[in-house]
Amino acid sequence: MKSSKPDFLNFQVDHMTILVDNKMYNVAYVVFRCILGAQPEDIIYNVRRSSAPGEPERSVTFATKLGQGANAKQELNNTMVALVQATEPKNKMSHVRSMLDDHQAVVHFQHVALRTPDLLSFHKHALDRGVRFITPILQDEHEDLIQVFSGEWYYPGSKPSGFFFEFVQRELSPALIKMLDERNRQSFFRDRTFLGLYDEKQREYESGKIEPFIDPIAFEKIHELVGNKNNWEITEEDIQRADQFLLESGKRLK
Ligand SMILES: [Fe+2]
């Protein structure tokens, strides 16, 4: 398995995102500034939003750089964290608020973004295995970045966890962008990165139907296969068998 691992599975952590409640939000900003060393120029973005016409704007999310490695291209070498708070009025449903309330917490680790050198190949690899995504591949109009967001990690009968993955690729070649535009104009669109995700999660939570990361049938089959073992007893044959269950679920979804 190791020797045949394709390049698109060579992931690096790109950034991570934390939901916090309203009382925590600005204190967390100060913590990043005073304790974790973020300078004004380290704030990568700060998105403002008004909850309704005439309502004052409030910050819904900001992201900050926390550090940089010594080598390589700067954008590939940053440690970045983003924070999100709810800006919907108190009497309106908010997916951020309900995730925090469901966890009885004022802070919830929401997603980790894994960077791959080849997002299209990874995306196909994951779709073939029935992985659910809540967005098409999106291109950020401000950054040299394409990204896609997965369903949440939870299993049949459990409550949605609120945790999911983002997969990103930076360093896009002009040929890749041209190819994406030509191949899939409908499902590949330019959007302001964050609000695309925010609105999609809000829609999911309003509908009450939350996409799971893997297919529920595949989950149950894999659990049946390995659930009673210690993880060091899981054999390579089990892994192959589990991969078959995932591939079957990918075929079912097509
Ligand atoms: Fe993200």
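**Entry 1, the model.** I am working with a predicted model, so I keep that in mind throughout.

**Entry 2, domains.** I looked up the domain assignment and found domain 1 (7–207) and domain 2 (216–253). Taken over C-alpha atoms, their centres are 29 Å apart. I then checked where the two touch: six residues of domain 1 are in contact with nine residues of domain 2.

Next I went looking for nonpolar residues packed together. The largest nonpolar core holds 38 residues, and Leu83 and Leu119 have the most contacts inside it. Which strand gives the most to this core? I found strand E7 (residues 145–152), which supplies four residues. I also noted that domain 1 (7–207) and domain 2 (216–253) each contribute at least three residues to this core.

Setting aside neighbours within four places in sequence, I see Leu83 in contact with Ile18, Val20, Tyr25, Ala28, Thr61 and Phe62.

I moved on to helix H6 (residues 216–226) and helix H7 (residues 236–253), whose axes come within 9 Å. How do H6 and H7 run, roughly parallel or roughly antiparallel? Their axes cross at roughly 165 degrees, and angles over 145 count as roughly antiparallel, so H6 and H7 are roughly antiparallel to each other. I noted the crossing of H6 past H7 as right-handed.

On the H6 side I listed Ile217, Ala218, Lys221, Ile222, Leu225 and Val226. They meet Asp238, Arg241, Ala242, Phe245, Leu246 and Ser249 in H7.

Note on methods. Residues numbered from 1 in each chain as written. Predicted model: local features only at pLDDT ≥ 70, side-chain atom pairs only at ≥ 80, totals over all residues. Core = buried A, V, L, I, M, F, W, Y, C linked by C-beta atoms within 7 Å. Buried ≥ 20, exposed ≤ 12 C-beta atoms within 10 Å, placed from the backbone. Helix = DSSP H or I, 4+ residues; strand = E, 2+ residues; numbered from the N terminus. Domains from an automatic or database assignment. Contact = placed C-beta atoms within 7 Å. Axes fitted to C-alpha atoms, helices over the stretch in contact; angles between N-to-C directions. Parallel < 35°, antiparallel > 145°, perpendicular 65-115°, else oblique. Left-handed = near helix turned anticlockwise from the far one by under 90°.
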